[in-house]
Structures are given as structure tokens and as C-alpha cells.
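Visitor: I would like to go through the charged contacts here. Could you show me the model, please?

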Amino acid sequence: MAVSDRDAADASRPAQAIIDALCAYRFVSSPGAKGSMALSRTDDGCYRFNFVGIIMVRDCVFYVFPKFVTPDIDGKFVAPDDTARARMAMLVSVCERYRRRVGLGTMDVDGAIDPTAPARESMADLYRALLVDYLRDGTYHARKRTWTRDGTGEIDWERTMGCTDPLVNENGEPAYASTWTRQRAVDDEAIVKRIQQAYVAQGAQWFDRARMLTDVLRLPRQLCDISRQAPADIMDRARMRATLARARHQEFSTRNRRLIDLLLALTDQQPFGTLEQHHAVTHLGTAPFAHVWEDICQDLFAINARRMRAMHERSRPTWSMDARLFGLDGSTTVRIDTPNPLRTDVICELEDGTIGVMDAKYYVPSFTRSVDHMGVVSCRIDGQPAQPALIKECLYQLLAETSYAGHGRTVRFNAFLLPTPGTIRDKSVEPYAHVRGSIELDFLTPISLHNTWHPGDRKTGFLPILYCQIDPWAAFSAYTGLFLGDNGTFDKDAAIRALLNGA
């Protein structure tokens, strides 16, 4: 979806404020990364989303689909119906699993409004996590216990005998004039429970107003009625934070500590209790989606992570430099292994002992044809992987051939894995992976790879790079374990057969 600069200039000030907020909102794709803007300006004077999922700005809700989804309204938009909401629910689940796998959790926002601000959580993600926790584990119950002398609780005999000197009667029997008793501390339990329920109701009501509670998040509407209080009605921010911090300090239950962390994060968000009117931007989803697609392909084909890491290390460049450059004795040479190894996404070990090399490509090339005045048909490809990506893919094959040499393996196919484009209403077609063509670099054709470990001293050349399209919705189902009624689940074996047949 794109918004033109001209339209923004003619729009009201609130519309421009929304664009400004989106342009300042950043996402982090992996721990330590710089992040990317939610909205960026293109060369043709438009603004384009760099994000997949749901993003909310004040009372505006945007559903942003991946670029492989073909718009069905004016070539720009997707019709907002039940099918769109079901597909978006799947995408939100995909993004959530990706963030868990790479260790982002909900911390994938690098400063809302102010790009230089410290990282903060997405309000929508926090509320979603809180609602899911409430449905799974219920209301807060303190797990801490306290001990007092001669209290009304149960006597803790082990502590009493270990910490108190007994009185011994004439028969040698011990007696204790004072005992240690234990009981569950409930001083903060009731107030923490009220805070939890108030936030659950507020988050559910907020999602329900945006038509996300039941349609996208698949959560019951009864959550809206858990409490009749807003968090701000219970106490002010400073007292609430102090109460939650005190309760957390006394907790040893992992679930309770995690719950209180969520409540603290919600309490720290600005502003307090007026989310839908003033909180500038929040989201469910992630960016950039290219990293998600890479992780999906790795998960689908069950990579051997240990062997891939060893292969990546093997590809590190080694510099042998004159020691005088480092101010050392000029008669020596310094060897340095530099970073930036070759990193292919997937090395798949096949049942017959061979391997397949694959690289996930989040590209949607366009294929067009034209006819000139002489009736000559010309075909054109735009938006495809560039020449450096093709050369790297050939080097991936060479690296795999040499790295697996000692294991008697050879490369059977080399492929790009791209999502199949289409509307959200298209039906999946088995086997969910289709080889649509191949790419060759003619200048590499004469080069032979001498496989001395192979019986018969077989020589092979660089393989064509297969152009393989994977049904994204079937892949999402396999990745998340969720299912859509009109889509199947990705079949790894069928995909490998399609790649072998294409090779």
C-alpha cells in the first residue's frame, strides 16, 4: 500500500501527523540491529510500508500484507473482509513465532515517534501477550510465603526445630514455647489482581473496537467484561509501579514474574489510560519480512545447523599481510581470518546421501511482454535477484561441494526459493512447490568442479539455479501449526521431488 505525497498535502493535518508518526517508527529485525522505518518515501513521491502485519496509529488500523499478495482493489488495496482478517491472523502468528525463534520477544520496536529513543515494546504485542496469559493461567495468585513467630498459619516444624531451642521435660521430651508459622502473603495479591483484570479488559476492548479481538486474534469477547475499572481508576502511575515492583521482588513463580513484567511494561507506556486517543503507533507483526521468509525456509527443510555453521566458518576470508603494516617485525607475515562468511540459507541433506543448496529470496519479479510494430514479441523480467546474488549462489554450490567432500556427498540441485504471488483468495495447488525456470551464468559453464572423492572421479560443472516458487500460505501453516480451510500444509518431500525433477 502506498500514500502519495500530493494526497498528503491536500489532506487534513491529522493525516499528515499519521504519516509523520509512521515515518519515525522503527522495527528491529534481530537483536542489535539498527532497524527499519515502518513507512518510507519512494522516488515517485509516495510512501510505502516496510512492514508486514497490523499497525495502528491512534484510531486508524492498517492491515499490511506481504508484497507477494496481489491487491484486488485499484491495484493498491486488499478488500477488508473475513478472508483478509483470517489471512492476517495467520501472518501475525507467523511473525510471533519468528520473533520467539530469533529471541526478539515483544522488543522489536526501536523508539516510537523519536528514532533516537531507547527500545520499547509494542503496546499491541504487550496486550496480546497479557490476554493470552490470562486465558491460559487465569488471574494472579501470589506464590510467596511468609514466616512469623506464633502466627495463625500452619506450623513449620522443620523451621521451628532448626531455629528454636526446645524446653525438655523430665521425661526427655522436647516442647516448644514458641513456633514458626507460615502462610501465604496476600498483602499485594488483591491489588495486583485488580490491575491485571483492568488491563485485560482495556486491551480486549481496544482490540474489539479495531475488529481484531475475535477476527484476527481469535480471542473471546468475554474478556472485555473482566473488569469495569480502567487502570487509571485504581491508582496513579507512581503508586501502581511501586506496588507491582514490590510484588515482583517477593515473587519466585516464573509465570507471576512474567505477568508482573507485562503489567509494568504497560504501566510505563505513555500515556496512562488513554491508549486509543494519544498513543501514536503500535503494531502486531514484524519487519523486514525477508528475514521471516528466510527463517521459514530453514524451518521447512530442517537444516543441519551444526554442519552449516562449520561450512560458513570455512568460507571466511583469510588475509596474509606484511607484518610491517601492523608495526611488527617485517620478516613475518600476519594471517587474519576476517568476518563476513558466505551464508546460504538452506543445505538440505537428501535420503540418497546427496545434498541440495537453497537460498530464500523474498522477491516478486514481474514478467511482461510487448509487441513492436513488426509483430516481434519481447519479454522482460523486472525485480529479480541481481547479478551478485547469482554469483553468490554459484559459490554456495562450490562451498557445499568442498565442505561435504569428506562425507562422500555431492550437490544435486541449487535453487532460489521464492513465495508464489497471488491474491489472498487464491487456492493452494499441490505440491505447493513449483519449479518455473532456471538461471545460468554462461561464463561459468566451462568451469568443472573436480570431485575427487566421488567414484569414477566424476567432474561436474556449476548447476543451473532453479527458480522455485513455494506456496506461502501452505508454508505458513507448516511453520505455525495453524491451518486455513482452503490451504494445505507444505510437504517437504514433495517439494524436494519437484526440485529434483526440475534439475
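Visitor: How many salt bridges does the structure hold?

Guide: The structure holds 21 salt bridges, each being a side-chain nitrogen of Lys or Arg within 4 Å of a carboxyl oxygen of Asp or Glu. This is a predicted model, in which local features need pLDDT of at least 70 and side-chain atom pairs count only at pLDDT 80 or more, while totals for chains, interfaces and linings use all residues. Residues are numbered from 1 along each chain as its sequence is written, and side-chain values use heavy atoms, with hydrogens and water left out.

Visitor: Which residue does Asp-215 meet in a salt bridge?

Guide: Its partner is Arg-85, at 3.2 Å from N to O. Asp-215 sits in the loop between helix H6 (189-209) and helix H7 (231-234), and Arg-85 in helix H3 (residues 82-102), 130 residues apart. Helices here are DSSP runs of H or I with at least four residues, numbered from the N terminus.

Visitor: Is Arg-85 buried or exposed?

Guide: Arg-85 is buried, with a relative accessible area of 9%. Buried means under 20% relative accessible area, exposed over 50%, and partly exposed in between (1.4 Å probe, protein chains only). Asp-215 is partly exposed at 24%.

Visitor: What does Glu-96 form a salt bridge with?

Guide: Glu-96 pairs with Arg-128, their closest N and O atoms being 2.8 Å apart. Because Glu-96 lies in helix H3 and Arg-128 in helix H4 (residues 123-137), the pair ties together parts 32 residues apart in sequence.

Conventions:
Helix = DSSP H or I, 4+ residues; strand = E, 2+ residues; numbered from the N terminus.
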